[in-house]
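Let's take a friendly walk through a protein model.

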Amino acid sequence: MATTSFTKKTLGAEAPEPAVTPPSPSNGTAFVKKPKLPSRKSRKRDIPEGLWTKCPKCGTMVFDKELDENLKVCLHCQHHFPIGARERIHSLVETCTFEEMDAAMTSVDVLSFTGVTSYTSKLASYQKATGLKDAVLTGICKMGRHRVALGVMDFSFLGGSMGSVVGEKLTRLIERATEKTLPLIIISTSGGARMYEGMFSLMQMAKTCAALAYHAKARLPYISVLTHPTTAGVMASYASVGDLIIAEPAAMIGFAGPRVIKDTTQAELPPGFQTAEFLLDHGLIDAIVPRTEMKPRLIEYLDYLTEGQGNDASSKSAA
Ligand SMILES: [Zn+2]
């Protein structure tokens, strides 16, 4: 036992020695002549910068950078990927003209709602993940020569659900537009009212529509843009009462989901039910506009809608 442990110890001590000592001894030449291996392998891997995304519609792998440059629209089949509110604003307004309103407004957990997690912790995690305070951004901006009140929803924040903050921010935006005689554009994407706020979220439907009624009474235009998906409480309120209602291609638009309708009516639903194209055929929406053409088209509509109103005057009063 004692011997083995002794030998082991010696071996252990000897092992590192050759590596430390070789270069200097008198017969060192033998070592020096040994061809050394090229120290570092300097191989470059062919990994492209950025990532690729598989298009769910055509299955093509699309380079993320190209996708971003094309406003998240597939270059092969025109499939519209979801886009964040900030990116969308950036794609629509003149550079550095967006003055955000109520940027710090956040929801309060009035009902002390607790499901799997509490509403408060859910809000905190979504705020951290998205960098947004809630599911809508509002502000005054310039599009072409028009000063416009613009509200843009973001589906990545709790499914774009409408709680008291979404309702209040939009109402303030609409009221500001009425006060400053500005045209209004709201770009919607939403799963509906936010159930964590119960009745308070449902009350936003009436509140936003009341503010819109005053805006309409002042003979000011409101363009509602529906993007995938726009459903339930949002579709049943401000999203469906635009002077012009336009949609992005293939957007799902409706109130209840198709399964619920099918179960309730016990009838087969027609093909393409609740898509933008179906609703265009049936007269609910006025036009389908691809995202890449959205800005010039909206400016064109604003030109028409503000024609008789002396648009310059409206922009002066706002300035
Ligand atoms: Zn595609």
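Which residues are buried in H12? They are Leu-298, Tyr-301 and Leu-302. Looking down the axis of H12, you would find its buried residues within an arc of 100°, so they line one face of the helix. On the face of H12 turned away from the buried side sit the exposed residues Pro-296, Glu-300 and Tyr-304.

Before going on, please remember that this is a predicted model. The length of H12 can be checked too: its 12 residues should span 16 Å at 1.5 Å a residue, and the end C-alpha atoms are 16 Å apart, which agrees.

## The whole chain

The chain has 319 residues, of which 32% count as buried. Its secondary structure comes to 13 helices and nine strands. Among contacts between residues at least 6 apart in sequence, 68% join residues at least 24 apart.

## The sheet

In what order do the seven strands of the open sheet lie? The order is E3-E4-E5-E6-E7-E8-E9, with mixed pairing. At the edges stand strand E3 (99-101) and strand E9 (287-288); each has a single partner strand, so one side of each is left without a neighbour in the sheet.

As a general rule, strands of a sheet pair through backbone hydrogen bonds, either parallel or antiparallel. Both kinds can be found here. Strand E4 (residues 136-143) pairs with strand E5 (residues 146-153) in the antiparallel sense, over eight bridges. One example is Val-136, whose bridge partner in E5 is Met-153. E6 and E7, in contrast, run parallel and are joined by six bridges, and Ser-188 stands opposite Leu-226 in E7. Nine of the nine residues of E7 are buried, so this strand is largely enclosed by the rest of the structure.

## Helices packed on the sheet

Let's return to the pairing of E4 with E5, which is antiparallel. Helix H5 (residues 85-92) packs on the sheet, where it touches E4, E5 and strand E6 (184-190). The direction of H5 makes about 160° with that of E5. What covers the buried residues of H12 includes E4, E5, E6, E7 and E8.

Helix H7 (residues 164-179) has 16 residues and reaches 22 Å from its first C-alpha to its last, close to the 22 Å expected. Its buried residues include Val-165, Leu-170, Leu-173, Ile-174 and Ala-177. Among the elements that cover the buried residues of H7 are E3, E4, E5, E6 and helix H8 (199-217). After H7 comes Thr-181, whose phi is positive, near 50°.

Which residues have the most contacts inside the largest nonpolar core? They are Ala-149, Leu-184, Ile-185 and Leu-226, in a core of 52 residues. H7 gives the most to this core, with six residues. Leaving aside neighbours within four places in sequence, Leu-184 is in contact with Ala-149, Ile-174, Ala-177, His-215, Leu-220 and Tyr-222.

Key. Residues are numbered from 1 along each chain as its sequence is written. This is a predicted model: local features need pLDDT of at least 70, side-chain atom pairs count only at pLDDT 80 or more; totals for chains, interfaces and linings use all residues. Two strands pair if DSSP finds at least two bridges between them. Helices (H or I, at least four residues) and strands (E, at least two) are DSSP runs, numbered from the N terminus. Two residues are in contact if their C-beta atoms, placed from the backbone, lie within 7 Å. Axes are lines fitted to C-alpha atoms, for helices over the stretch in contact, and angles run from 0 to 180 degrees between N-to-C directions. The expected span of a helix is 1.5 Å times one less than its number of residues. A residue is buried if 20 or more other C-beta atoms lie within 10 Å of its own, exposed if 12 or fewer, and partly exposed in between; C-beta atoms are placed from the backbone. A nonpolar core is a set of buried Ala, Val, Leu, Ile, Met, Phe, Trp, Tyr and Cys residues joined through C-beta atoms within 7 Å. The arc is that of the directions from the helix axis to the C-beta atoms.
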